[in-house]
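Keep the sequence and the 3D view open while you work.

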Amino acid sequence: MGQLDVDLVHELKQSVDDGSLVLQLQPEIDLASGGVVGMEALLRWRHPERGVLLPADFLPVAAAAGLMPLIGWWVLEECAREAATWQSLPPSETPRQLWVNVAGLQLAEPGFSSRLAGLVERHGLERGALGIEVTEETLAQDADTVSRTLEELREAGLALAVDDFGSWYSSLATLGDLPVDAVKLDQSFVRGVGSDLDDDTIVASVIRLAHARDLYVVAEGVESWTESARLVDLGCDRAFGYLFSPPQTPERARAMLARGAGWRPRIVDVSRAGQRVGGAGPALNG
């Protein structure tokens with residue numbers, strides 16, 4: 001990266017306190033029942049001049065400026081606070097989970113596990129209510145250290161998942177000893193499911209091996225009816241993407257959970273089989 005934008009760095013520092021950093025939540029769907037079983041936390045920055053910025057637009061600057069701990073802990077604090085509000089909602093058959101991705105730099109912070117454990121305790125979170133996602137890239141870079149940290153997080157009552165699985169071509173056999181609950185299948189493989197035999201084979205293998213290790217599989221970024229139907233056929237457990245719902249405000253997501261909103265599985269209409277919903281996406285059925 002070239003010379004840092006000093007003004008942008010200053011604005012990023014201020015964003016934590018001025019309310020311009022916001023969370024959006026995208027529903028995670030149980031493919032068997034169609035019910036909402038959790039939410040994926042997504043970070044956005046409402047810049048006063050540049051509009052709504054995605055993480056790729058500002059997190060590289062944050063990392064270069066040493067701001068990732070500041071922003072990362074803001075996200076974790078907000079997610080813990082939000083997950084705590086869910087505990088006052090009407091009970092559901094499946095525990096609700098709020099998933100947040102943690103960068104490798106933050107995971108490697110001294111005392112990260114104990115600080116996060118304190119956050120969970122302070123907000124009175126039930127076991128598994130807050131989920132931590134670690135990318136496959138992070139695991140590939142320092143699997144031993146990450147594994148020890150994950151063990152500490154599991155003891156603290158957090159749910160754990162490997163995010164973007166397949167993007168670094170790891171074998172599930174190398175993940176067998178990791179203390180994780182789920183594998184989140186990278187969108188690059190999901191995009192070909194139902195239309196590309198190679199992707200079908202890869203996804204089927206991941207699902208089979210994950211289930212053999214008592215892990216469940218979540219498909220990322222589902223956008224077409226074909227993908228959804230084929231994932232159900234292959235035994236995928238959960239999914240999220242614009243086919244089911246675009247990201248929502250925390251208030252809207254909370255309302256969905258409160259009324260038991262869900263997505264009703266549909267038989268694929270062959271005339272729509274390849275249709276993608278892209279950035280629009282149907283609302284979940286209330």
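Predicted model: local features only at pLDDT ≥ 70, side-chain atom pairs only at ≥ 80, totals over all residues.

Residues are numbered from 1 along each chain as its sequence is written, and side-chain values use heavy atoms, with hydrogens and water left out.

**Exercise 1. The whole chain**

Task: Find how many helices and strands the protein chain has, and what percentage of its residues is buried.

Solution: 
- Step one: the protein chain has eleven helices and nine strands. Here helices (H or I, at least four residues) and strands (E, at least two) are DSSP runs, numbered from the N terminus.
- Step two: of the 286 residues in the chain, 51% are buried. Buried means under 20% relative accessible area, exposed over 50%, and partly exposed in between (1.4 Å probe, protein chains only).

**Exercise 2. The surroundings of Gln248**

Task: Locate Gln248, decide whether it is buried or exposed, and list its contacts beyond four places in sequence.

Solution: 
- Step one: Gln248 sits in the loop between strand S9 (238-239) and helix H11 (250-258).
- Step two: its relative accessibility is 12%, so Gln248 counts as buried.
- Step three: the side chain of Gln248 makes a polar contact with the side chain of Ser245 at 2.9 Å. A polar contact is a pair of N or O atoms within 3.5 Å; within protein, one must be able to donate a hydrogen and the other to accept it, and residues adjacent in sequence count only if both atoms are side-chain atoms. The Gln248 side chain also reaches the backbone oxygen of Pro246 at 3.2 Å.
- Step four: leaving aside neighbours within four places in sequence, Gln248 is in contact (heavy atoms within 4.5 Å) with Gln24, Leu25, Ala253 and Met256.

**Exercise 3. A glycine in a loop**

Task: Say where Gly235 lies and which residues it touches, not counting those up to four places away in sequence.

Solution: 
- Step one: Gly235 belongs to the loop between helix H10 (225-234) and S9.
- Step two: with a relative accessible area of 30%, Gly235 is partly exposed.
- Step three: beyond four places in sequence, Gly235 touches Ile207 and His211. Although Gly235 and Ile207 are 28 residues apart along the chain, their C-alpha atoms are separated by 7.0 Å.

**Exercise 4. Positive phi angles**

Task: Give the phi of Asp164 and of Asp214, then place each residue.

Solution: 
- Step one: most residues other than glycine have a negative phi.
- Step two: Asp164 is not a glycine, yet has a positive phi of about 55 degrees. Asp164 is in strand S6 and is partly exposed, at 24% relative accessible area.
- Step three: Asp214 has a positive phi near 60 degrees. Asp214 lies in the loop between helix H9 (197-212) and strand S8 (216-219), and its 70% relative accessible area makes it exposed.

**Exercise 5. The cysteines**

Task: State how many disulfides the structure holds, and whether Cys79 is buried or exposed.

Solution: 
- Step one: a disulfide is a pair of cysteine sulfur atoms within 2.5 Å, and the structure holds zero of them.
- Step two: Cys79 counts as buried, at 0% relative accessibility.
- Step three: Cys236 is buried too, with a relative accessible area of 6%.
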